[in-house]
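Hi there,

Here is the structure I promised to pass on to you. Have a look at it first, and my notes follow below.

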Amino acid sequence: MIAAVSDLRARDPITPDEFFRADIRVGVIVRAEEFPQARNPAYKLWIDVGDLGTRTSSAQLTAFYQPADLVGRHVLAVVNFPPRRVAGFPSEVLVLGVPVEDTRHVALVQPDRPVPPGTRVF
């Protein structure tokens, strides 16, 4: 997904309505574990997104984070993508991150202070 996003150019405009179709919510990681079955190094995450419940995600965050360091961390996640299966694990949300150094090193995007899980980003 990161490579596809990096191919977009800033000059490819979208409308505000197109942007707001992406339902981006604040979540809190409540569980994180190693995911050795994934093709690329990744973790399995369980994320509390408030009224939407707990959603799962496969996230390639192994370069900068350990599973224990992720628990309790606030993240931003797109919650209205169709679910996927990654090596048999349901990935229901896309956790947002930015590439650092190269596309295999991802830093999380998060609010700069705690906000309630499920809060919509706008």
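Let me start with proline 67, which counts as buried because its relative accessibility is 14%, under the 20% cut-off. Please keep in mind that this is a predicted model. Proline 67 sits in helix H3, which covers residues 67–70. Leaving aside residues up to four places away in sequence, proline 67 touches Ala32, Glu33, Glu34 and Tyr43.

Proline 41 belongs to the loop between E1 and E2. Is this residue, proline 41, buried or exposed? Proline 41 is exposed, because its relative accessible area is 53% and the cut-off is over 50%. Its contacts, again without residues up to four places away in sequence, are Gln60 and Thr62. If you compare positions, proline 41 and proline 13 are 28 residues apart in sequence, and their C-alpha atoms lie 33 Å apart in space.

Next, the sheet. Five strands form an open sheet in the order E3-E2-E1-E4-E7, and the pairing is antiparallel. At the edges are strand E3 (54–59) and strand E7 (94–95), each of which pairs on one side only.

Two of the pairings are worth a look in your viewer:

- Strand E1 (residues 24–34) and strand E4 (residues 74–78) run antiparallel and are joined by five bridges. Valine 28 stands opposite histidine 74 of E4.
- Strand E2 (residues 43–48) and E3 also run antiparallel, with six bridges between them. Aspartate 48 has threonine 54 in E3 as its bridge partner. The hairpin of E2 and E3 has five residues between the strands, and there glycine 50 takes a positive phi near 65 degrees.

Which value does phi of alanine 87 take? It is near 50 degrees, a positive value in a residue other than glycine. In general, most residues other than glycine have a negative phi. Alanine 87 lies in the loop between strand E5 (84–86) and strand E6 (89–91). With a relative accessible area of 45%, alanine 87 is partly exposed, because that value falls between the 20% and 50% cut-offs.

Happy browsing, and do write back with any questions.

Best wishes

Technical notes. Residues are numbered from 1 along each chain as its sequence is written. This is a predicted model: local features need pLDDT of at least 70, side-chain atom pairs count only at pLDDT 80 or more; totals for chains, interfaces and linings use all residues. Side-chain values use heavy atoms; hydrogens and water are left out. Helices (H or I, at least four residues) and strands (E, at least two) are DSSP runs, numbered from the N terminus. Buried means under 20% relative accessible area, exposed over 50%, partly exposed in between (1.4 Å probe, protein chains only). Two strands pair if DSSP finds at least two bridges between them. Contact means heavy atoms within 4.5 Å.
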